[in-house]
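Hello,

Here is the structure I promised to pass on to you. Have a look at it first, and then read on for what turned up.

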Amino acid sequence: MAQPPLKQLATICTSKPAPLPTFLFVVIICVLGFFTFHFSSLSSFSATSTPSNSVRFQQLLLSSASNYTVASYLRSLTLHPHLAGTEPSLETVQYVESHFRELGLETHSIQYDALLSYPKSASLSARLPNGSVVNIPLSEYVEGVVQPYHAYSPSGTAYGTAVFVNYGRDEDYRALAKIGVAVDGCIAVARKGEFPRGVVVAKAEANGAKGVLLYTEGDGFRQGFERGTVMRGIGDPLSPGWAAIDGAERLSLNDSEVLKRFPKIPSMPLSAEAAEIILSSLDSASVPPEWRDMKGKLGSAAVGPGGPTFINFTYQGERKVATIRNVIAVIKGLEEPDRFVLMGNHRDAWSFGAVDPNSGTAALLDIARRFALLRRLGWNPRRTILLCSWDAEEFGMIGSTEWVEQNIVNLGTKAVAYLNVDCAVQGPGFFSGATPQLDDLLHEVTAQVQDPDVKGATVYDTWTAKNGIGNIERLGALNSDFAAFVQHAGVPSVDVYYGRDFPVYHTAFDTYDWMANYGDPLFQRHVTVGSIWGLLALRLSDDLILPFSYVSYANQLQAYQDTLNDVLDGSVSLHTLSTSIQELKSAAQEIENEAKRLREQEIFSDVALFQKRALNDRLMLAERGFLDVDGLRGRPWFKHLVYGPPSDYESALVYFPSIADAVSESKKMNKREMEEVIQHEIWRVARAIRRAALALKGELS
């Protein structure tokens, strides 16, 4: 016998909650009573994917949100640290897997054996100019949390004078050279900026430094050490391009392809408090003018090594193959089960992970609860939805990358979109990233969701208040699990979150208490991210015609071309690039007109449905056109020629990575060689854009 709707909600809302004070149970009972009227009209819902039913289920998804359940999930997820590949991480695997199963979702886990990195011991001391020696503590004194370290740093001892190198950019080393400060043979002390840790270490290594100490600035939680990886690239380094499944081929640890992924000099994180001990002791005659914002923050903030202060640090670690586990829950599509909408969040954390990543994990678990409610009330998605809980993201997006490599053929032919949430909530303010064909959908969905911090406004209202259009970032960076989907598989993707630059990032203080006191005390931002995430999935899984706009993509590419023209200053012809973008614009407008006609049809015959599916396939596959079989020069794993990480992080171009690389490399060439190498990459990008245009047209030449 079917449960009445209210009882169903009560069952799902209380699925595995952590123990809570009595007053919170009173709150949830009130919430249940508030929702009663929403369910009284739902008995007639059917599984048919009609526009009216789709809207009703979207409304139900929003009305079934519960900050209580999100908070309880987060508390359970953060009871102990759960670093990937360790025994405690198995408990979070089991928690997520059992949650999905108890909601009646088809669930499985996949294991990979990947090379991870763990610390064994570390020490740091400074001999100050007055001759005294200070032993600098390298711990936050929080039980169970792994000691501060940089994953994949080589073991070793480094001794030398301390040199403050600012953010560790090329321009910073040039500034040091101008005032006569040499870094060769020294210990580089850097503050964290926009560069990845591995890039900071690589540039220090290239300038002759013996080791790197990297700290994060901040007024609060100055005792925190920001852990992180310094490996180049993403995925298991022993199985580049193929999945690290049981019995798979493994490269040797001494293979040249493996060794080039790791730095050759040791590094470690410092807290701001520890860095102050070193920086306040430095005494140099001058500081580059552009660094003077440091003054008053960390002692004199002099450069050194005029003092000098000598640094002695030792790091011992181990790299070993460990088992990691992804957990996947499947909601089978009713009409198109072979088309996949993927929702993903990583589960592993450097410490307790309340923000990074388990604010997102809690939102994923609550989305599963909401989807289970919809299913009990008659909803089935048109297309299959996968809820993906990734492992070992913190080591370099390893869990998601191995899964993409394992499923590359099916993803290439069947994946509609990937929807990523990493740190769901870091603080106030909505942020998003996307491939451009999903811009319009993001605007539409955020206009349906109430802003958690501004009464009477939607997320779209506050997000676009400054300039009238939401600032959507692009997905060319290597900072979350969308990377493999976009840059290797060419799957349209979205990344959404609240807040940025939170002070306890990757430290032992990323706890439930921090979230409850500072990040999101009422857990309403969690609910908002979950609602946006869930609505995106509903639209992409249920809309008869996929809500993609390649007109937005073509307009974005045109803007990129305009900027590229300014960078190159007319030295190289962009004619072929311009022509290809115009072809994409034309194809995008044609398919948009075709989609409009099909949406207006009231015919649901087999022929009409086939026409819609064929059009959807063209929309879905066009993103794959931007992939190039040869990939980026010297980095063939990265296939996407519009979005990907540049080899030069100081490049003025944050798109067209192959062109950006060519521009950077051409600085060492003569004029003829420069023009040839840049022009070749422009041709490659133009061909990729034409491939996307042909995919939209759906016709053979």
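How many helices and strands are there in the protein? There are 22 helices and 15 strands. Please keep in mind that this is a predicted model. The protein has 701 residues, and 58% of them count as buried. Among contacts with a separation of 6 or more, 80% are between residues 24 or more positions apart.

Let me begin with a pair of helices. Helix α4 covers residues 67-77 and helix α10 covers residues 358-376; their axes lie 8 Å apart and the two pack at an angle of about 130°. Angles over 145 degrees would count as roughly antiparallel and 65 to 115 as roughly perpendicular, so α4 and α10 are oblique to each other. The crossing of α4 past α10 is right-handed. On the α4 side, the contact is made by Thr 69, Val 70, Tyr 73, Leu 74 and Leu 77. The α10 side brings Asn 358, Ser 359, Thr 361, Ala 362, Leu 365, Asp 366 and Arg 369. Sorted by class, that contact holds six nonpolar, four polar and two charged residues.

Is α4 mostly covered or mostly open? It is mostly covered, with nine of its 11 residues buried. Among the buried ones are Tyr 68, Ala 71, Ser 72 and Ser 76.

Asp 356 and Pro 357 are joined by a cis peptide bond, with omega at about 10°. Pro 357 sits in the loop between β10 (336-346) and α10. Most peptide bonds are trans.

Helix α21 (residues 657-665) and helix α22 (residues 671-697) cross at roughly 180°, and their axes come within 9 Å. That angle makes α21 roughly antiparallel to α22. Here Ser 658, Ile 659, Ala 662 and Val 663 of α21 meet Val 677, Ile 678, Glu 681, Ile 682, Arg 684 and Val 685 of α22. By class, this contact has seven nonpolar, one polar and two charged residues.

Now to the strands. Strand β6 (residues 211-215) pairs with β8 in the parallel sense, over four bridges, and Leu 213 stands opposite Met 268 in β8. In a regular strand the side chains alternate between the two faces of the sheet. Strand β8 (residues 267-270) is covered on both faces: Ser 267 and Pro 269 are buried on one side, Met 268 and Leu 270 on the other.

His 99 lies in helix α5 (residues 87-102) and counts as buried because its relative accessibility is 0%. His 99 and Ala 368 are 269 residues apart in sequence, yet their C-alpha atoms are 8.6 Å apart in space. Thr 458, in the loop between α13 (439-446) and α14 (459-463), counts as buried at 12% relative accessibility. Leaving aside residues up to four places away in sequence, Thr 458 touches Thr 446, Ala 447, Val 449, Gln 450 and Asp 451.

Finally, which phi values are positive in a residue other than glycine? One of them belongs to Ala 392, with phi near 60°. Another belongs to Asp 569, at about 55°. Most residues other than glycine have a negative phi. Ala 392, in the loop between β11 (383-390) and α11 (398-406), is buried at 0% relative accessibility. Asp 569, in the loop between α18 (550-568) and α19 (575-600), is exposed, with a relative accessible area of 66%.

Definitions and conventions:
Residues are numbered from 1 along each chain as its sequence is written. This is a predicted model: local features need pLDDT of at least 70, side-chain atom pairs count only at pLDDT 80 or more; totals for chains, interfaces and linings use all residues. Side-chain values use heavy atoms; hydrogens and water are left out. Axes are lines fitted to C-alpha atoms, for helices over the stretch in contact, and angles run from 0 to 180 degrees between N-to-C directions. Angles under 35 degrees count as roughly parallel, over 145 as roughly antiparallel, 65 to 115 as roughly perpendicular and the rest as oblique. A crossing is left-handed if the near helix is turned anticlockwise from the far one by less than a right angle, and right-handed if clockwise. Contact means heavy atoms within 4.5 Å. Ala, Val, Leu, Ile, Met, Phe, Trp, Tyr, Cys and Pro count as nonpolar, Asp, Glu, Lys and Arg as charged, and the others, Gly among them, as polar. Buried means under 20% relative accessible area, exposed over 50%, partly exposed in between (1.4 Å probe, protein chains only). Two strands pair if DSSP finds at least two bridges between them.
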